[in-house]
Amino acid sequence: MWPNRRLCDLFKIEHPIIQAPMAGSATPELAAAVSNAGGLGSLGCASMLPDGLRNVARQMRALTGRPFNLNFFVIPRPDTGDAVLTQVIDRLRPYYEELSLGEPSRRLPPIGPGFDNEKLELLLEIRPPIVSFHFGIPDAAAVGRLKQAGIAIIGTATNVAEARKLADGGADAVIAQGWEAGGHRGSHAPNGPGDGVGTMALVPQVVDAVELPVIAAGGIADGRGIAAAFALGASGVQIGTGFLSCDEAGTDAPRRALIRTATDMDTMVTDVFTGRAARARRTRFALEMEESRVPLPDFPQMVALSAPLSDAKEDFAFHLYGQAAALNRELPAGELVRTLVAETGEVFDALSAGKTTPA
């Protein structure tokens, strides 16, 4: 039924629906259920240690014989300067005092680069069918070795220039991530919370700019959104927030409850939780920090300072989800994929019949 099968053929999947990696919320059970239903299940692996990465790969292969995707960050080693750390501690101190948390720590955790030779060698050992990258793409030598091993490469772009960079860097497909998407923006360089392009404007421009299959992401939650993405020239879609309400997701109870009552105005893009722009629930903490901005520690070192606040009170909590959360359905993941496919087919049929919506 799919009018464009480039993504299905590339990844050897039945339906061009990718479940977003969503580290911490995407479980092997969720990803495998999506893959078993004919889509592409994904796992966020950026912070996994070698044994953890080997373990999730074994889990995925035990749960599904179909393709799956492992996701990594392409970021340099964070190196927050003393002046930045002093400024942000001074800014956060009143919040720490309000919540009786003591003094903010001056010791930020040492963190390695997002993707290095160790992770490359692990991937060549594990050989997942597909690997995706957020915040950029590794160098040509690393990409070449992955592709020689038969691994397909996906990269995320938030603008046309980034899409062209991914195409030039050897990606096999490009995710065009619109402003509506929940979670961290996939921008290749840190940018301001107000800097973004919506899915409706971004996807056709990326389609025109690169020869690769384009995957639309951001604000897509049902068959109407999927059909619209194909109308814009996309070869598939990536859905994150829509899978957060699935039985198999690792979504915690507070975020599940928020999504049940979500509205289109619940979220904002802010970097105050991690040091990198992300769409998350609008909170007092995020709003006040945006009103009185200071330089923040490098991503993801800021988490060491924001996490105690987030854990202490709901007004400070970091809940990632997108602008279409109100459209979520609480279903097993396989059933959600089948529902999305059926809805999209109904929209295609209605449009072919000259109707604006399914009967």
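Reply: We may begin with helix α5: its buried residues pack against α3 (50-63), β3 (68-73), β4 (130-134) and α6 (140-148). Please bear in mind that this is a predicted model.

Me: Which residues of helix α5 are the buried ones?

Reply: Helix α5 spans residues 117-126, and its buried residues are K119, L120, L122, L123, L124 and I126. After α5 comes R127, whose phi is positive, near 55°.

Me: Why does Q19 count as buried?

Reply: A residue is called buried when its relative accessible area is under 20%. The relative accessibility of Q19 is 0%, and therefore Q19 counts as buried. Q19 lies in strand β1, residues 17-19. Apart from neighbours within four places in sequence, Q19 is in contact with A26, L30, A31, V34, L40, G41, S42, I239 and F243.

Me: What makes α9 oblique to α13?

Reply: The axes of helix α9 (residues 223-231) and helix α13 (residues 333-352) cross at roughly 60° and come within 7 Å. Because of that angle, α9 is oblique to α13. Roughly parallel would require an angle under 35 degrees, and roughly perpendicular one of 65 to 115. The crossing in which α9 passes α13 is right-handed.

Me: Which residues of α9 and α13 meet?

Reply: From α9, the residues are G223, R224, I226, A227 and F230; in α13 they meet L340, E343, T344, V347 and F348. Sorted by class, this contact of α9 with α13 has 6 nonpolar, 2 polar and 2 charged residues.

Note on methods
Residues numbered from 1 in each chain as written. Predicted model: local features only at pLDDT ≥ 70, side-chain atom pairs only at ≥ 80, totals over all residues. Heavy atoms only, no water. Axes fitted to C-alpha atoms, helices over the stretch in contact; angles between N-to-C directions. Helix = DSSP H or I, 4+ residues; strand = E, 2+ residues; numbered from the N terminus. Parallel < 35°, antiparallel > 145°, perpendicular 65-115°, else oblique. Left-handed = near helix turned anticlockwise from the far one by under 90°. Contact = heavy atoms within 4.5 Å. Nonpolar A, V, L, I, M, F, W, Y, C, P; charged D, E, K, R; others polar. Buried < 20%, exposed > 50% of the residue type's maximum accessible area, 1.4 Å probe, protein only.
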